[in-house]
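Open the model in your viewer and keep the selection panel at hand.

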Amino acid sequence: MANTTQAPGTAAPVVVLDGLTKKYGELTALDNVSLTISSGQILGLIGPNGAGKTTAIKILVGLLRPTSGTARIADADCVANARRIKHLVGYMPDKFGSYDNMRVREYLDFFGAAFAIPRKRRRARIEEVMEITGTTYMRDRYVESLSHGMAQRIGIARTLLHDPKVLIFDEPANGLDPQARVEMRELLLQLAASGKTLLVTSHILPELSRICDRVAIIIRGKLRAYGTVDEIGRQVSQRRNVEAQLASGEQTRAAAEIIRRLIESDSEVVESPTEAAVRFRTELRDVEFSNILKELIGAGIEVTQFRELQTDLEDAFMSFAQPPADGEDSPPVPVAAGARP
Ligand SMILES: Nc1ncnc2c1ncn2[C@@H]1O[C@H](COP(=O)(O)OP(=O)(O)OP(=O)(O)O)[C@@H](O)[C@H]1O
């Protein structure tokens, strides 16, 4: 069984993947992936091209059968109850076809009809979803004339028509300019705040990951890390990233020598005379930090700042995504409680 037990005070799991595996012939596109998304949460499913994200999504929306394991949304199994899944989920694929000679309102009406929303109710619902997604002003525009960012918003409006519990968006931020990414992030937060549960994928680590309650990093079909952005940052590096800023670049060599003497011998110490800075990674505790600082000052080094740098999630992702050396499996990385690699 997956570790899906509900901790006291936490929201109920709405999406549950348990040991999900999908093979295409010899290729294992998804390998025993287990994770849960609770009600109102945003989960970012992040992985490079070919990681298995779309495969996981297609199983969830009932378009693919898993080789083994299960996927459930609310009370419905994604294979056995595919019809119910369609009502529970709003799905926006990474590419949606072109609809020539259709205005936005006609396009939404077309999909509303496909969801069998009665005509009268449909008209009001189209107004509502355009309001939610900030697309009312596009109502009379032809769909093919929309910019990519506008089209993405209409794509989201379309997924909301039947008021699903769960929204699954494949690469919603792909190809958007920085401003449109900010707007997309705000829209996703607004949808989660309105009670929707969201799963969004990305092949890069965009700003989207910052708004996710949980991030799942998937590499070559395996779940390599799962947790909050902070938890994943801590998983990747037990070592703290520290920077000593000096008054002058001329003292970087002397400072680096003192630091090398005081920290673990296998730690990398990077001197940057142009920035008048020395950076290093260490497992030392605070008390030992103060000792380094004391020694630097005692040696006449003018230290203007001595601080710990944040572990960047981008660094974490890159370290997970490194291709394994020949004959090795993926690098072993601890995974947060609640997930099984
Ligand atoms: N129908 C299929 N038949 C055979 N192999 C497939 C099929 N669909 C996907 N694959 C392979 O399975 C692996 C996972 O593909 P998937 O599309 O799920 O990855 P992804 O993470 O969504 O990638 P991207 O970011 O490029 O969309 C890839 O190696 C892909 O080539």
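## Stop 1: helix H6

This is a predicted model. Select residues 178-193, which form helix H6: its 16 residues reach 23 Å from the first C-alpha to the last, close to the 22 Å expected at 1.5 Å a residue.

Now show the side chains of Ala 180, Arg 181, Met 184, Leu 187, Leu 188, Leu 191 and Ala 192, the buried residues of H6. They lie on the same side of H6, because the arc they cover around the axis is only 135°. An α-helix has 3.6 residues a turn, so residues three or four places apart point the same way.

Turn to the face of H6 that points away from its buried side: the exposed residues there are Pro 178, Gln 179 and Ala 193.

## Stop 2: the ligand

Select the ligand and the residues that surround it: Tyr 24, Leu 27, Ala 29, Pro 48, Asn 49, Gly 50, Ala 51, Gly 52, Lys 53, Thr 54, Thr 55 and Glu 171. By class, this shell has 5 nonpolar, 5 polar and 2 charged residues.

Color strand S2 (27-38) and helix H1 (53-60), each of which supplies at least two residues of the shell. H1 gives the most, with 3 residues.

Next, check distances from oxygen atoms of the ligand:

- Gly 52: 2.9 Å from a ligand oxygen to a polar backbone atom.
- Thr 54: 2.6 Å from a ligand oxygen to an N or O atom in the side chain.
- Thr 55: also an N or O atom in the side chain, 2.6 Å from a ligand oxygen.

Finally, show the ligand surface. Taken alone, the ligand exposes 640 Å², and the protein buries 59% of that.

Terms used:
Residues are numbered from 1 along each chain as its sequence is written. This is a predicted model: local features need pLDDT of at least 70, side-chain atom pairs count only at pLDDT 80 or more; totals for chains, interfaces and linings use all residues. Side-chain values use heavy atoms; hydrogens and water are left out. A residue is near a molecule or strand if one of its heavy atoms lies within 4 Å of it. A polar contact is a pair of N or O atoms within 3.5 Å; within protein, one must be able to donate a hydrogen and the other to accept it, and residues adjacent in sequence count only if both atoms are side-chain atoms. Accessible areas come from the Shrake-Rupley method with a 1.4 Å probe; for residues, only the protein chains shown count as cover. Helices (H or I, at least four residues) and strands (E, at least two) are DSSP runs, numbered from the N terminus. Ala, Val, Leu, Ile, Met, Phe, Trp, Tyr, Cys and Pro count as nonpolar, Asp, Glu, Lys and Arg as charged, and the others, Gly among them, as polar. The expected span of a helix is 1.5 Å times one less than its number of residues. Buried means under 20% relative accessible area, exposed over 50%, partly exposed in between (1.4 Å probe, protein chains only). The arc is that of the directions from the helix axis to the C-beta atoms.
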